[in-house]
Amino acid sequence: DSPVSSYSTKTALEQNGYLVEYYECPLKAIERLQLIKPDLIICDLYMPIMNGDVFVRLLRQDSAFAGIPVVFLSSEVDARLKIDAVSNGADDFLTKPIDPDLFPKYISNRIIRSREQRDVMDRDSLTGLLNHSCIIDHIKATVKNGAFTSVSVLMLDIDFFKKVNDNHG
């Protein structure tokens, strides 16, 4: 809701090595999110066109954005509104003003934790290989972006694998 506050937040993150995209319009942000997959989304509770809680509810309806952490950064102090924002799909709610030295560290920790959780969800615990839905998502993204010249698929079917697993772990 404040270009000055947004600029200082963006600057603090960029000075710590983050690539930051800033949008005043939530609808333009949603359009851009269709093309990229950020590590984290920061938004205000009060924005033009739609409030942040509506923005987050829209994001959470799309499974592609389900695992992206959303942090509200707002001057709102009403605890009920903060809880409502988290109930609508946000991961955290920070109140402005925020220490510009601590904020990038907080963001770093939030991103690291999110990547760790995503890795656990995306990989088979026994083999470490990507799970089926993750593989399908990667294939769809590759096809959508046209980022390939050829595609190879390898399928292994191991008969009686349960016996191998039971005997050898």
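**Figure 1. Charges and overall form of the protein chain.** In this predicted model, the mean positions of the 19 positive and 24 negative charges of the protein chain lie 2 Å apart. Lys and Arg count as positive and Asp and Glu as negative, while His and the chain ends are not counted; each charge is placed at NZ of Lys, CZ of Arg, CG of Asp or CD of Glu. The model is predicted, so local features need pLDDT of at least 70 and side-chain atom pairs count only at pLDDT 80 or more, whereas totals for chains, interfaces and linings use all residues. Residues are numbered from 1 along each chain as its sequence is written, and side-chain values use heavy atoms, with hydrogens and water left out. Along the principal axes, the C-alpha atoms fill a box of roughly 60 × 35 × 30 Å.

Figure 2. Seven helices and three strands are present, in the order α-α-β-α-β-α-β-α-α-α from the N terminus. Helices (H or I, at least four residues) and strands (E, at least two) are DSSP runs, numbered from the N terminus. Of the 169 residues, 28% are buried; buried means under 20% relative accessible area, exposed over 50%, and partly exposed in between (1.4 Å probe, protein chains only). Among contacts (heavy atoms within 4.5 Å) between residues at least 6 apart in sequence, 52% join residues at least 24 apart.

**Figure 3. The aromatic pair between strands β2 and β3.** One aromatic pair is found in a search of the whole structure. The ring centres of Phe 72 and Phe 93 are 5.6 Å apart and the planes meet at 25 degrees, so the pair is stacked. Phe 72 belongs to strand β2 (residues 70-74) and Phe 93 to strand β3 (residues 92-95), and the pair thus links parts of the chain 21 residues apart. Rings of Phe, Tyr and Trp (its six-membered ring) pair if their centres lie within 6.5 Å; planes under 30 degrees apart count as stacked, over 60 as edge-to-face and the rest as tilted. Phe 72 is buried, at 0% relative accessibility, and Phe 93 is also buried, with a relative accessible area of 10%.

**Figure 4. The cis peptide bond at Pro 97.** Lys 96 and Pro 97 are joined by a cis peptide bond with omega of about -5 degrees. Pro 97 is located in the loop between β3 and α5 (102-122).

Figure 5. Ile 49, although not a glycine, has a positive phi of about 75 degrees. This residue sits in the loop between β1 (41-43) and α3 (52-60), where Ile 49 is exposed with a relative accessible area of 62%.

Figure 6. Lys 140 is part of helix α6 (residues 132-145) and counts as exposed at 55% relative accessibility. Lys 140 and Gln 15 are 34 Å apart, C-alpha to C-alpha, and 125 residues apart in sequence. Phe 160 occupies the loop between α6 and α7; although not a glycine, Phe 160 has a positive phi of about 55 degrees, and its relative accessible area of 65% makes it exposed. Helix α7 (residues 161-168) lies largely in the open, because zero of its eight residues are buried. Just after α7, Gly 169 has a positive phi of about 80 degrees.
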